[in-house]
Amino acid sequence: MLPFLGSLDEQNQLFNLFNYITFRTGGAIVTAIFFAFLIGKPLIDWLRLKQGKGQPIREDGPEGHLLTKKGTPTMGGFIILFSLAFAALLWSDLTNPYVWAVLLVTFGFGAVGFIDDFSKVTKQKADGLSSKVRLLLEFLIAFAATLIMLAAQWSSDPEMTARGGQFWQALIEGGDFTSVALPFFKDLMIPLGAGFVFFAMFVIVGAGNAVNMTDGLDGLAIVPVMIAGAAFAMIAYLVGRADYSEYLGINHVRGVGELSVLLGALLGSGLGFLWYNAPPARVFMGDTGSLALGGMLGSVAVAAKHEIVLAIIGGLFVAEALSVMIQVGYYKMTKKRVFLMAPIHHHFEKLGWKEPTIVIRFWIVSVIFALIGLATLKLR
């Protein structure tokens, strides 16, 4: 909405600020923070009134959760999503297709998460929406968003459009826009052709569910999400700049720098939510927030052609998801468990670690992973 003011720079040089992504990213951060503060308390009070008993707590989980977390309302992800939407629509260039593709995933996954949360609250059971139905909906949303992003890359690439033909033909023939870039290697791409669509869908859905698995302790998920979001805001900005991407030896994707503004909105809304989610949490993010934020990170990674780097920057989320897969797989084969409880943050709880200790140490690990991921931009 506000970026149109940049066209008035000839009348007043001050309006030129709205042409800069960095300025609008800062504006999105501040706007989202204040909007989250504005709606946070009323929304939490409303959720507590409507939900009554709050989010059902797993009976097979850590014993202390039944005492300390019982009665806490869920769906606090609405604080993040409402704040993010307001800031993004205010500060983003709404003619940019990448903005709409990422918003589609964010709010589409948020809607799936809401249905899951609503089912848990109404039934007062830890099991919500069927996993098959949930995954089907997530993959459909990821499919649509992937096609939007690929079409945007194809149409903005002079070499691709110069060949003539249609987008679908180019998708089958392949090119840089359907290839996967490898970190640490300059100009090394793995061509996937139309198979890239399925790869991108897996990245988006995998990221959404990995963050969802991480969300289990007060403040555990939101800070690593913000750390990963800040890292990808920098990556998206650099990828969107032809001069910087050429200097760093990374793929240039025209227009993807605008996603930095969306990630700025994520940072601001995340900080606002953390105000209420800090221990002891007054509200839980729920699947409404965790699925949405994970999907957002995954879709930004696909748009910026840094899908594998997401696995590095989001290493904490990968570890949480792997712990669940290892636990389930090993138990099915041997009827024994690798971890005392999965996801892995519950394993440390069972070992006797205090919740704040686990959360802060996991934050530190997230910073380390983010720094390693950012190092891949130069180590080529």
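Mentor: Start with Arg134, which lies in helix α5, residues 131-155. Helices here are DSSP runs of H or I, at least four residues long, numbered from the N terminus; strands are E runs of at least two. The model is predicted, so local features need pLDDT of at least 70 and side-chain atom pairs pLDDT 80 or more, while totals for chains, interfaces and linings use all residues. Residues are numbered from 1 along each chain as its sequence is written, and side-chain values use heavy atoms, with hydrogens and water left out.

Arg134 is charged at its end, so where does its side chain go, buried or exposed? Buried: the relative accessible area of Arg134 is 13%. The cut-offs are under 20% for buried and over 50% for exposed, with partly exposed in between, using a 1.4 Å probe and protein chains only. The side chain of Arg134 makes a polar contact with that of Asn209, at 3.1 Å. Such a contact is an N or O pair within 3.5 Å; within protein, one atom must be able to donate a hydrogen and the other to accept it, and sequence-adjacent residues count only through two side-chain atoms. Leaving out residues up to four places away in sequence, Arg134 touches Val112, Asp116, Leu129, Asn209, Asn212, Asp287 and Leu291 (heavy atoms within 4.5 Å).

Now the nonpolar packing. The largest core has 96 residues, and Ile222 and Leu259 touch the most other members. A core joins buried Ala, Val, Leu, Ile, Met, Phe, Trp, Tyr and Cys through side-chain atoms within 4.5 Å. Helix α9, residues 222-240, gives this core its largest share, 13 residues. With residues up to four places away left out, Ile222 touches Ile80, Gly270, Phe273, Leu274, Asn277, Met285 and Leu293. Another core lies apart, with nine residues, including Leu316, Ile344, Phe348 and Val359.

Next, the rings. There are 15 aromatic pairs in the whole structure. Tyr237 and Tyr244 have ring centres 6.3 Å apart and planes at 55°, so they count as tilted. Pairing of Phe, Tyr or Trp (its six-membered ring) needs centres within 6.5 Å; planes under 30 degrees apart are stacked, over 60 edge-to-face, the rest tilted. Tyr237 is partly exposed at 22% relative accessible area; Tyr244 is partly exposed too, at 35%. Tyr244 also has a charge over its ring: the charged end of Arg241 sits 4.5 Å from the ring centre. The test is NZ of Lys or CZ of Arg within 6 Å of the centre and within 35 degrees of the ring normal. Arg361 sits likewise over Trp353, its charged end 4.8 Å from the ring centre. Elsewhere, Phe78, Phe82, Phe114 and Phe118 form one aromatic cluster.

Then helix α1, residues 21-51. A kink of about 40° lies at Gly40, shortly before Pro42. That bend is the angle between axes fitted to the seven residues ending there and the seven starting there. Leu49 is in α1, and is exposed at 68% relative accessibility. Just after α1, Gly52 takes a positive phi of about 70°.

Finish with Thr95, in the loop between α3 (77-91) and α4 (97-123). Thr95 is exposed, at 67% relative accessibility. Its side chain makes a polar contact with the side chain of Asp93, at 2.6 Å. The C-alpha atoms of Thr95 and Met1 are separated by 9.7 Å, though these residues are 94 apart along the chain.
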